Every structure is written in C-alpha cells, then in structure tokens.
Amino acid sequence: MRRTVALRLLAALGTAAVGGAVAVALPMSEASAATGGVTGYATQNGGTTGGAGGQTVRATTGTAIHAALCGRASSSTPIIIEVQGTINHGNTTKVSGSSCNTAADKIELKEISNVTIIGVGGGAVFDQLGIHIRDSSNIIIQNVTVRNVKKSGSPTSNGGDAIGMESTVRNVWVDHATLEASGGESEGFDGLFDMKDNTQYVTLSYSILRNSGRGGLIGSSESDRSNSFITFHHNSYENIDSRTPLLRGGIAHIYNNSYVSLHESGINSRAGARAKVENNYFKNSKDVLGTFYTSEAGFWQVSGNIFDNVTWSAPGSENNPAGPNPQSNTTVSIPYAYTLDGASCVPAIVSQTAGANKGLQVSNGNCSPQQPTPTTPGPTNPTPTTPAPTTPPPTQPSGTNLSIGAGSDGSSKASGTGYGNVRDGDLSTFWSPAGATGSISIKWGSATTVSRINIREASGSAGSIGSWQVINHATGAVLASGSGAGVISFAATSLTKITFNITSSTGAPKVAEFETYAG
C-alpha cells in the first residue's frame, strides 16, 4: 500500500566529485578497526569479526575499495578497509578479480566474507552511492555516512537503499553509521536499512536514520519470512514516515532506541514476526508499534518504553496499533547478554553516541558515554588496534601565551563554567561543555599567527579529553587532530579565531587553559 510522504525536511545534498585514488596498504599499527565488541544477534552463529587479523588498506575512492577487495588472495581473506573522504559515482568503477564481484553504481560486497569497512580521519561519506551486501558473511561497517541514495532520478544506486542486504547474508554489524535521505519515494528514495531473502544475525547499533520515507524493512513481502535474528539498539530515528523497521516474519530485538517524528507508523511487526521492544523512547509520533497495512498479524513483547506525545489510530481490518496502552502478546527469549539503559535517558545518551564521527562512543550501561573498551580478540570481538600518532610529541611551548587578553567563546558550557576561564591564566577555573563533546575558541581582533597550542586540563580531570580537532574558524580547515590534552603543533597559520573541538571524552572534559603560541 502506497502512503503519502509527510517529511518536514527536504534538503537536497549535492554530489561532490573527488579525484581517483588507489588503495594503500598500511601496517597493522595504523589500523583503526572496530574497537570494543560486537553486540546483539551479530554475536551469535559464530560471531562477527569482519576483517580482524587481515591487512589494513586505506581507500579514498569507491574504485579503491573495490580494488582492495579484488586484491585479496581469496574472497574470504580478511581485510580492513579504512575509508576517508567522499565516495561517489564519479570515483567508483567496477573492478574485476577472482576474489570479488563488484559493480560501478554501488559499493558491492558480493560473494565475499571477512571484511571491515570503517571511516577514518575527517570521515567517510558515501554520497548518493549505496552499500550492497549479497551472498556474503562476517561483514562490519562502522563510522560511515551514507546519504541520498536514489532508486529513481539521477544518479541511481542500490535500488534506493543506503545499506541493503539480500540473498543468504549472515553476520553483519553496522555500527556508528549515519544513514539519511532527503525525502520519500516520490523524491526517488527508498529504505535506509533493508534486509531480505534470507538475511540473518545482524546488529544495527549507535546509528542515526533520518529524513526518509522508509526507515527499513526485514522481508520484502509477506512471503519472505526467512529473515531473522536482528538487533537494533541505541539508534536514533528522526523524521521518518514508516518502517522503523517493518518486520515480516522472524525475530527482532529492539532496545534503547530514540524515535522522534514518526509520521505514519513505526515498528511494524507483521506476518508472524515477533519483536522484543524494551526501554525505547518514542516522542511526537504516530502509531509507533503494531501491525499496519496488512491483515497478517505480527506480535510484540513490550517493557520499559516511554511514549511521549504519541497518537494512536483506531483498530481496523488492516491496522492493529499496539496503543494507547501497549501490552505484550508474545514472549521472545534473547540468547545473548546485554545491559539496558533506562528509557528516560535514552534521548540524551543516543544523541551523544549515535552516528558517524562521534568517536565510537558507547553507553556504559548507566546512560553515560564512554570510549569503547578494547577486548580480547575472539569469535565475537574484532582485534583492537591503535592509530599511529601523526607527529612526534612536541616540546613544551615557549614564548608569550597569546590567549591572555584575547576573547573567547564556544559551542556550549556546563553550568558554573565560562569561556573566559580558559584565557585567564588561572588553573583553578575552567570551561566544561554541557555534554561529553563541545568546542572552545580563542579569538583576536586582528589576524594573529599561531603554530602551537597547549590544552591544560583542570585538576582531577586529567585524561578525560578523548579525540579532538583544532580548526581555523574562518576557513573550517582542520589544522590538527588527535586525542588527549597537552601541547599540539601545526603549520604556522594566520587567523582571527582558533577552535579546539572535543569530539569524544571519558567523563566531563574540563579545560583550565587554552594557551596559544606563535612558535
């Protein structure tokens, strides 16, 4: 049944052309493979390790991604592909080889296994180019943005799905991804996260799905009931018409997700499907759980969910909403261990952790973000690796601290702290963001040359600052990036405002002084 798209945001995103590049092999010490551990149903059926233990390759084009797959000794040889930059139709071509089966209009993961694709550096954006997984197993996709993939109009890719899986797919973990469109079917888009034709043991975690007519489906028709064992947790669904997800047959575990502005329906369990729906937060939405657009019933087990300004339709021959007082009509046994955050704090923890370029932060089980803890390699845990430092540790700066007497501002601040506390020469005062991330700036009335800064943490908070970027505010250029506080050097730059952007932290970061130096 076709439904009218009711999107509130239809921002068109253009295609950025990027020049060709080849895949570059990196030593394992430079790999930034998935840290922490896979969760949910992807831990079952032998686990999901992706390319752990294999060669690490850097790619900046779609062609380079395909070349990395085709350059393996076999279609099952483990590989970690680090992706940086914008991947689009202009830099993606078909590559041939005995260990691959690629295509020109999508990133094709077909008839292969043991692969990790992870965004690194300034980020990985798949612009109007979908990722397709077919007849494959043991795949990890992490820290990427996939946007504006179309099934009609121009250019088209992957049937309009941001990430699509079909035909005997097993053990896939998609984590810290941002999947987005700019409209619904009438604008040329389809699903953000689709699974069909015997896809099983999949986890979608800490991801953002937004601005689309369809969030995603499990099963392409009422007869396609071979898809099962799917986990959705700590994801943010924003401005979606329906299918968050649509589940036909099979079992899904849906917990600690945040849903805002679902315009027509949400979790649609039908055709005998069973969903365990726990500690989610639904806000400003309609018909967020039930069986919709079919007379073939599905089932749900519910507990701990919060329904904030949710409206419910009256039951009908093809609509069976679970509300206004959702009750369980089945039970679902979950075979793996997991920890539930309280539903009341789900919007906050999801906003801090979900999506690409969030430092791969996860919840600690008490609604606080933390860096994922590296774990012992095993059948359910990828091999943890550590990025190599980009420059040798700089020496302590000398000369005049240019921040004294300068101006300051930032993106947010915790109660009781001020921007000016980072330029007063007093280590007992500090600025702290309202959450785990935020930015603080030093600014001058005229151009000032800076080549080194020193970030001093307040007493008792040493080690809290995780990943960061140093940015020329006027141009947006990233002057340096890394992790941890201290002295940071970069090429001498003339600017009027310099920003220290904290992108991840453990605990509350506290900057006592943001010192700037000419040399």
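Asn401 sits in the loop that links strand E29 (369-370) to strand E30 (407-410). The model is predicted. Asn401 has a relative accessible area of 15%. The cut-off for buried is under 20%, so Asn401 counts as buried.

What does Asn401 touch beyond four places in sequence? Its contacts there are Glu515, Thr516 and Tyr517. With Thr516 there is a polar approach: a polar atom of the Asn401 side chain lies 3.1 Å from the backbone nitrogen of Thr516.

**Strand E24**

Strand E24 covers residues 289-292. Leu289 and Thr291 point one way. Gly290 and Phe292 point the other way. Are these four residues buried or exposed? All are buried.

E24 pairs with strand E21 and with strand E27, as tabulated here.

| Partner of E24 | Residues | Direction | Bridges | Opposite residues |
|---|---|---|---|---|
| E21 | 267-270 | parallel | two | Asn268 and Gly290 |
| E27 | 319-321 | antiparallel | three | Asn320 and Thr291 |

**Confidence**

Mean pLDDT for the protein is 88. A value of 70 or more is reached by 88% of the residues. Where does pLDDT stay under 50? One such stretch is residues 27-35, with 37 contacts in the model beyond four places in sequence. Residues 375-394 also have pLDDT below 50. That stretch has 53 contacts in the model beyond near neighbours in sequence.

Notes. Residues are numbered from 1 along each chain as its sequence is written. This is a predicted model: local features need pLDDT of at least 70, side-chain atom pairs count only at pLDDT 80 or more; totals for chains, interfaces and linings use all residues. Side-chain values use heavy atoms; hydrogens and water are left out. Buried means under 20% relative accessible area, exposed over 50%, partly exposed in between (1.4 Å probe, protein chains only). Two strands pair if DSSP finds at least two bridges between them. A polar contact is a pair of N or O atoms within 3.5 Å; within protein, one must be able to donate a hydrogen and the other to accept it, and residues adjacent in sequence count only if both atoms are side-chain atoms. Contact means heavy atoms within 4.5 Å. pLDDT is the predictor's confidence in each residue, from 0 to 100.
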